[in-house]
Amino acid sequence: MPLRRKRARFEQLTEFERGRIIGLREAGLSYRAVAARVQRNSSTVRPLWKQWTDECRTTRKSGSGLRNVRSAREDRHLVRMALTDRPASSRQLTAQWSLATGISLCASSIRRRLLQRGLRARTPLYRIPLTLNHHHLRLQWAAQHRDWRADWQHVVFSDESRFNLYYHDGRIHVRTLCR
């Protein structure tokens, strides 16, 4: 039979339980004994007692947890920054963002926000796009050489891609809108 955790162990302490824990600890009971009486884990009792002795209060701090620093206006500002400086990396955008707003974000948060707004990092286009005339000329060449018999050991294709495994080649990415 699989072990199941009781839901009560993951709920917040009530005010009554908090007062009971403080009273039992002031009576001289150990953390383990207090935890057994309140039916909570000793790792729940210990921080509550520490908060009581340090700050003389048992309530939770307001605003604890992660802050949501995201707003639509800030996202639009971030997109504007990324589009004005398209080759900027996520780390560079992070530095610009913290200077502009005073809020520090990590590079992965910047990447995620830009992706959610439709911006991706792509390699820039360094070649001239093919025109309609280029397409016709290529098709004409292929039709003329349809029955071409060549020794394929001596044919070299010049549009091969390169892959770097062990070092960065300095390739630049730019931000573009996804389609």
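Visitor: With which residue does Arg40 form a salt bridge, and how far apart are the closest N and O atoms?

Guide: The model shown here is a predicted one. In it, Arg40 forms a salt bridge with Glu17, and the closest N and O atoms of the two are 3.2 Å apart. Arg40 belongs to the loop between helix H2 (31-38) and H3, while Glu17 sits in helix H1 (residues 15-26), so the pair ties together parts that are 23 residues apart in sequence.

A search of the whole structure finds five of them. Another of these joins Asp75 and Arg113, with the closest N and O atoms 3.6 Å apart. This pair links distant parts of the chain, as Asp75 is in helix H4 and Arg113 in helix H6 (residues 107-116), 38 residues apart. Asp75 counts as buried because its relative accessibility is 5%, and Arg113 is likewise buried, with a relative accessible area of 7%. A further salt bridge brings together the side chains of Arg57 and Glu55, at 3.2 Å from N to O. Here the accessibility reads otherwise: Arg57 is partly exposed, with a relative accessible area of 25%, and Glu55 is partly exposed at 37%.

Thr58 counts as buried, since its relative accessibility is 12%. Leaving aside residues up to four places away in sequence, Thr58 touches Glu15, Arg18, Ile22, Leu48, Gln51 and Trp52.

Arg73, Arg76, Arg80 and Arg117 form a positive surface patch. One of its members, Arg73, lies in helix H4 (residues 72-84) and counts as exposed because its relative accessibility is 66%. There is also a nonpolar patch on the surface, made of Leu165, Tyr166 and Tyr167, which together have about 500 Å² of accessible area. Tyr166 has its place in the loop between helix H7 (132-144) and strand E2 (174-177), and at 77% relative accessibility it counts as exposed.

The protein chain has seven helices and two strands, and from the N terminus on its elements run α-α-α-α-α-α-β-α-β. The chain exposes about 15400 Å², of which carbon and sulfur atoms supply 53%. Among the contacts with a separation of 6 or more, 59% are between residues 24 or more positions apart.

Conventions
Residues are numbered from 1 along each chain as its sequence is written. This is a predicted model: local features need pLDDT of at least 70, side-chain atom pairs count only at pLDDT 80 or more; totals for chains, interfaces and linings use all residues. Side-chain values use heavy atoms; hydrogens and water are left out. Patches are made of residues with over 30% relative accessible area and no salt bridge: like charges are joined within 9 Å, nonpolar side chains (Val, Leu, Ile, Met, Phe, Trp, Tyr) within 5 Å. Accessible areas come from the Shrake-Rupley method with a 1.4 Å probe; for residues, only the protein chains shown count as cover. A salt bridge is a side-chain nitrogen of Lys or Arg within 4 Å of a carboxyl oxygen of Asp or Glu. Lys and Arg count as positive and Asp and Glu as negative; His and the chain ends are not counted. The place of a charge is taken as NZ of Lys, CZ of Arg, CG of Asp or CD of Glu. Helices (H or I, at least four residues) and strands (E, at least two) are DSSP runs, numbered from the N terminus. Buried means under 20% relative accessible area, exposed over 50%, partly exposed in between (1.4 Å probe, protein chains only). Contact means heavy atoms within 4.5 Å.
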